[in-house]
Amino acid sequence: MKNIVVIGGGPAGLEASAQLHRLGYNVILVEKSPQLGGHLAKWDRLFPSGIPAKDVLEKMVSQINGVKYFLEANVQSINLLHKSYNVILNNGITVLADAVLFTTGFDLFPAQKKEEYGYGIYEKVITNADLENWFKTKKDNRVTENPKRIGFVHCVGSRDEKAGNRYCSKVCCATAVKQACEIKQEFPDVEVFCFYMDLRMFGRGYEDMYLSAQKDYGVRFIRGRVSEVAENINKELIVKAEDTLSGKPIKVTLDLLVLMSGMQNCSEGTKVAHQLGIANAGNDGFFETKDAIYSQQHSTREGIFFAGACTGPKTLPDSLSEARAAAIEIHNYVKGIR
Amino acid sequence: MVKFGFALNPSSRIDLDKTDREKFAQLVELEPDVLKCMACGSCTASCTAGKFTPTSVRSAILEIQNGRWQQALDMLKGCLLCGKCTMVCPRAINTRHLILAINEVYQSGK
Ligand code: SF4
Ligand code: SF4
Ligand code: SF4
């Protein structure tokens, strides 16, 4: 039986593992954290329709019956032996793999790097991930009852040369609009402001979500990037931006500011890729695929494949499609079909 | 008085803490579609009066959102109610009705 090592137990890793297992391969799934699901496991609901993340994850996990997976595991070393890869894990397991799939996903941009927004300095500044966690658990002292005004800052650590990430993270506009509506469901009287530069509502149903945020929830969209945040003595936040549509500076006092942290390539995954010499990718830090259009799932090395956000920001359905595509590409490769 | 060649200007900064939410709620009551504007500018571009006067539905909506309704009223003074803006609005806002509603809500508030 042929062995396939899948690195990363998020949505792409789970889906690819399930498909490869069905195709008759011996799949070894390696996950660094104590649970499967990646970022999805920490999310509450999914755009555009608000499906619970938990339901989607449960479905995925139920499909990997028979796949061997290791939690709190990572790849210590990986190197080529003849035509297979010798993969050694930190738990002492060694696998001779016929193919290796990277589904290492993304890290959220560390919002404290954008010091002018005050994450980690001012109490009432949180991230998109923090807010998801609050939706899920309702536990976070920073989110207080009866807020008057809440702001969302788009493009935090994205489209920003100084943050080191010039690209757009693709999913955060939709996430901001989703969260803005959800916060209005929680606190109907709150005034919600989204500070955006462009609204990238590209997917099916996303534009409707934007319209609904305006029409049904009265969310105010301000075209202008927040330039700085200060805290007053009551721990409220004074936010400055330009309303670029009127060309005037704007000031607003907020009870909570939510930063839309973008995606960057997973640092753990990058370490493993370094050993194979495939990490020095394009200047955006994501892995370079063999071909930007036709061979999205192939790396530049034989037998090494990619799926999901390790090759650039992706939505969840994008990542799932890539996982299924990768399973077929790996199958073709192992069978010698070109 | 000595003239120094400069004077202090009043601040042009918009303070969103001070917008009148009640009045805006009245406007939404009369014309809920005011919320749907996506600031595309089609209305302003095709406005009959806009070439000669500072008439702009897009800007008027924005001024109201920013709590500057006097500016919005001034901006709509030149409107002929010709309805071209309604024809071109991609969000299907009845801008003509909106203009009337703005006048109704904010004129009385003067
Ligand atoms: S998706 Fe939106 S918020 Fe995210 S980086 Fe792109 S433009 Fe900015
Ligand atoms: S109805 Fe008024 S605002 Fe609209 S196009 Fe005609 S003149 Fe301009
Ligand atoms: S045409 Fe409609 S959507 Fe566009 S700016 Fe005017 S009112 Fe707003």
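In this predicted model, B:Leu81 sits in the loop that runs between α4 and α5 of chain B. Although B:Leu81 is not a glycine, its phi is positive, at about 55 degrees. Most residues other than glycine have a negative phi, and most peptide bonds are trans.

A:Arg159 belongs to the loop between β12 (149-156) and α4 (172-186) of chain A. A:Arg159 is partly exposed, with a relative accessible area of 23%. The backbone of chain A also contains a cis peptide bond, which joins A:Phe47 and A:Pro48 and has an omega of about 0 degrees. Here too a loop is the setting, as A:Pro48 is found between β3 (45-46) and β4 (51-52) of chain A.

Turning to chain B as a whole, its secondary structure comes to six helices and one strand. Along the sequence these elements follow the pattern β-α-α-α-α-α-α. Taken along the principal axes, the C-alpha atoms of chain B fill a box of roughly 55 × 35 × 25 Å. Chain B has 110 residues, of which 41% count as buried. Among its contacts with a separation of 6 or more, 61% are between residues 24 or more positions apart.

The buried residues of α6(B) are B:Thr95, B:Leu98, B:Ile99, B:Ala101, B:Ile102, B:Val105 and B:Tyr106. Seen down the axis of α6(B), these buried residues fall within an arc of 165 degrees, so they line one face of the helix. An α-helix has 3.6 residues a turn, so residues three or four places apart point the same way. The partners against which the buried residues of α6(B) pack are α1, α3, α4 (69-76) and α5 (84-88) of chain B.

A helix of chain A, α6 (residues 267-276), can be read in a similar manner. Its buried residues are A:Gly269, A:Thr270, A:Val272, A:Ala273 and A:Leu276. They cover an arc of only 165 degrees around the axis, which puts them on the same side of α6(A). The buried residues of α6(A) pack against strands of chain A, namely β1 (3-7), β6 (75-81), β7 (84-89), β9 (99-102), β19 (263-265) and β20 (304-306). After α6(A) comes A:Gly277, with a positive phi near 70 degrees.

Both chains contribute to the second largest pocket, whose volume is about 640 Å³. Its lining is made of 35 residues, and those nearest its centre are A:Gly218, A:Arg220, B:Phe24, B:Leu35 and B:Gln65. Two or more lining residues come from each of β13 (191-196), α5 (206-215) and β14 (220-223) of chain A, and likewise from α1 (21-30) and α3 (57-65) of chain B. The element that gives the most is α3(B), with five residues. By residue class, the lining of this pocket divides into 22 nonpolar, five polar and eight charged residues.

Terms used. Residues numbered from 1 in each chain as written. Chains lettered and ligands numbered in written order. Predicted model: local features only at pLDDT ≥ 70, side-chain atom pairs only at ≥ 80, totals over all residues. Heavy atoms only, no water. 1 Å grid on protein atoms, 1.4 Å probe; cavity = no way out; pocket = protein on both sides within 12 Å on 5 of 7 lines; lining within 4 Å. Points joined across faces, edges and corners; volume = space filled by probe spheres on them. Helix = DSSP H or I, 4+ residues; strand = E, 2+ residues; numbered from the N terminus. Nonpolar A, V, L, I, M, F, W, Y, C, P; charged D, E, K, R; others polar. Buried < 20%, exposed > 50% of the residue type's maximum accessible area, 1.4 Å probe, protein only. Arc of directions from axis to C-beta. Contact = heavy atoms within 4.5 Å.
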